[in-house]
Amino acid sequence: MSDKAFIRIFSIILILGFIVTAAHLFYAYKAYENSSIIHFISKEIW
Amino acid sequence: MKRVLFLIFTVLFFVAVNAGIYFTITRKTGNNNDGTTQLKMIDLGRYLPFEEESDLARVDSSLKLTEEDDLPVLDGAAALVPVYASVIDNCYPEGCVTYEGGTFSDDNTYGENFTSDSKMQYQNTIRGFDALVEGNVDLFFTAYPSEEQLASAKEKGVELEIVPIGLESFVFFVNEDNPVDDLTVDQIRAIYRNEITNWSEVGGPDYMINPLTRVKNSGSQTMMEKFMQGDMLSHRKLLSIFGKSIGYSFRFYLTGMVSDNNVKMLSINGVYPNAENIRNGSYPISANFYVVYRKDNDNPNITRIVDWLLSEEGQKMIEGCGYVGLC
């Protein structure tokens, strides 16, 4: 794999990874703020 | 080859991070209390008046309103749907609860499809209280309104009559597998003031405590703020999400309407919140629930219904719904 191809693929993975993770974190935060507390506690793993 | 492995490792890293977020948070969230799904906190289809299989309390009512009467529109908190649906079932004429399209559905924007002229509505505490103040609802069944709600009514020049009709306990609950079964009132207050932050401080395992709160102006949040005497954390703490949670609700909502076997109610000061302990006053956190109406509402059937609710028949109906009567 050439340097150019490696950097291009790595950059794409990095950008996509950050976007997906940021979106997931944002969704999870919003869902946590508003979720049913009964449901939340019920799904807890001990 | 090394570069390919590095790229695969990078992808796996993001997969692992997202799996961690999913198992820690996303998987446990659900039944959101905002927007369109707020009103699907209960299975409303179980509490439809005039349906043979509904879970309503039926008594031999001496109050029978007819189609010629000016029938008050009833609405209320999710936890009190069985009560006001039972009032309609016992005292109203059949046909006064109507659905768009002719049949009940909980699949539209607000989780129900009552027509605007239906005598039963279901807008839950926040929207329903506003509808009462606006004059679109005649009788509203609720926990004691919040300071904010009362101030909002006052600001609009609306005076409210708030009549206690039954007794309910306020309960705290944890996951079924949490070994803690009992907390004191002081311990709970300390947890919700972030003075106790680990379950080991109250006889449990070494886990952070995640004290969950509810949306402002909901019935249980208003009750909790009252219980905390105005001194509690203002919102859910983000980092404590990695701990094990505690939450609060009204007893019948938790045990009768949602009935989730994976959660358990806690004894408070050594007293379990069962009907007997609520009635005899030994359970320490009980509160009335109320029917609220505008003082300037001149529909004579409002006071007839309120009087009936306070009568032996009405109290029997309230007990039949799973709540505790006033005496």
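This is a predicted model: local features need pLDDT of at least 70, side-chain atom pairs count only at pLDDT 80 or more; totals for chains, interfaces and linings use all residues.
**Exercise 1. Describe the overall make-up of chain B: its secondary structure, its span and its buried share.**

Solution. 
- Step 1: Count the elements. Chain B has 10 helices and 9 strands.
- Step 2: Take the extent. The C-alpha trace spans about 85 × 50 × 40 Å along its principal axes.
- Step 3: Check burial. Of the 327 residues in chain B, 39% are buried.
- Step 4: Look at contact range. Consider contacts in chain B between residues at least 6 apart in sequence; 74% of these join residues at least 24 apart.

**Exercise 2. Divide chain B into domains and characterise the side of domain 1 that touches domain 2.**

Solution. 
- Step 1: Domain 1 of chain B covers 36-167 + 287-321, and domain 2 covers 169-279.
- Step 2: Count the contacting residues. Domain 1 of chain B brings 14 residues, and domain 2 of chain B brings 11.
- Step 3: Find the helices involved. On the domain 1 side, helix H3 (124-134) and helix H4 (147-155) of chain B each supply at least two residues.
- Step 4: Sort by class. The domain 1 side holds 9 nonpolar, 4 polar and 1 charged residues.

**Exercise 3. Explain why the buried residues of H3(B) lie on the same side of the helix.**

Solution. 
- Step 1: List them. B:Asn124, B:Thr125, B:Gly128, B:Phe129, B:Leu132 and B:Val133 are buried in H3(B).
- Step 2: Name the packing partners. The buried residues of H3(B) pack against strand S1 (74-76), strand S2 (139-142), H4, helix H6 (219-227) and strand S9 (286-294) of chain B.
- Step 3: Follow the chain onward. Just after H3(B), B:Gly135 has a positive phi of about 95 degrees.

**Exercise 4. Work out which elements of chain B build its side of the contact with chain A.**

Solution. 
- Step 1: Count both sides. Contact involves 38 residues of chain B and 27 residues of chain A.
- Step 2: Identify the suppliers. Helix H1 (2-24), strand S3 (160-175), strand S6 (244-250) and helix H7 (251-258) of chain B each give at least two residues to the chain B side.
- Step 3: Pick the main one. H1(B) gives the most, with 9 residues.
- Step 4: Sort by class. The chain B side has 15 nonpolar, 14 polar and 9 charged residues.

**Exercise 5. Determine how H1(A) and H1(B) are oriented: roughly parallel or roughly antiparallel?**

Solution. 
- Step 1: Read the geometry. Helix H1 (residues 3-34) of chain A and H1(B) pack at about 0 degrees, with axes 10 Å apart.
- Step 2: Conclude. This angle makes H1(A) roughly parallel to H1(B).
- Step 3: Name contact residues. On H1(A) they include A:Phe6, A:Phe10, A:Leu14, A:Gly17 and A:Leu25; on H1(B) they include B:Arg3, B:Leu7, B:Phe14 and B:Ile21.
- Step 4: Sort by class. The contact of H1(A) with H1(B) has 13 nonpolar, 5 polar and 1 charged residues.

**Exercise 6. Decide on the setting of B:Gly270: buried or exposed?**

Solution. 
- Step 1: Locate it. B:Gly270 is in the loop between strand S8 (267-268) and helix H8 (275-279) of chain B.
- Step 2: Apply the cut-off. B:Gly270 has 11, so B:Gly270 is exposed.
- Step 3: B:Thr184 is 86 residues apart from B:Gly270 along the chain, with 7.5 Å between their C-alpha atoms.

Notes:
Residues are numbered from 1 along each chain as its sequence is written. Chains are lettered from A and ligands numbered from 1 in the order in which they are written. Domain bounds come from an automatic or database domain assignment. Two residues are in contact if their C-beta atoms, placed from the backbone, lie within 7 Å. Helices (H or I, at least four residues) and strands (E, at least two) are DSSP runs, numbered from the N terminus. Ala, Val, Leu, Ile, Met, Phe, Trp, Tyr, Cys and Pro count as nonpolar, Asp, Glu, Lys and Arg as charged, and the others, Gly among them, as polar. A residue is buried if 20 or more other C-beta atoms lie within 10 Å of its own, exposed if 12 or fewer, and partly exposed in between; C-beta atoms are placed from the backbone. Axes are lines fitted to C-alpha atoms, for helices over the stretch in contact, and angles run from 0 to 180 degrees between N-to-C directions. Angles under 35 degrees count as roughly parallel, over 145 as roughly antiparallel, 65 to 115 as roughly perpendicular and the rest as oblique.
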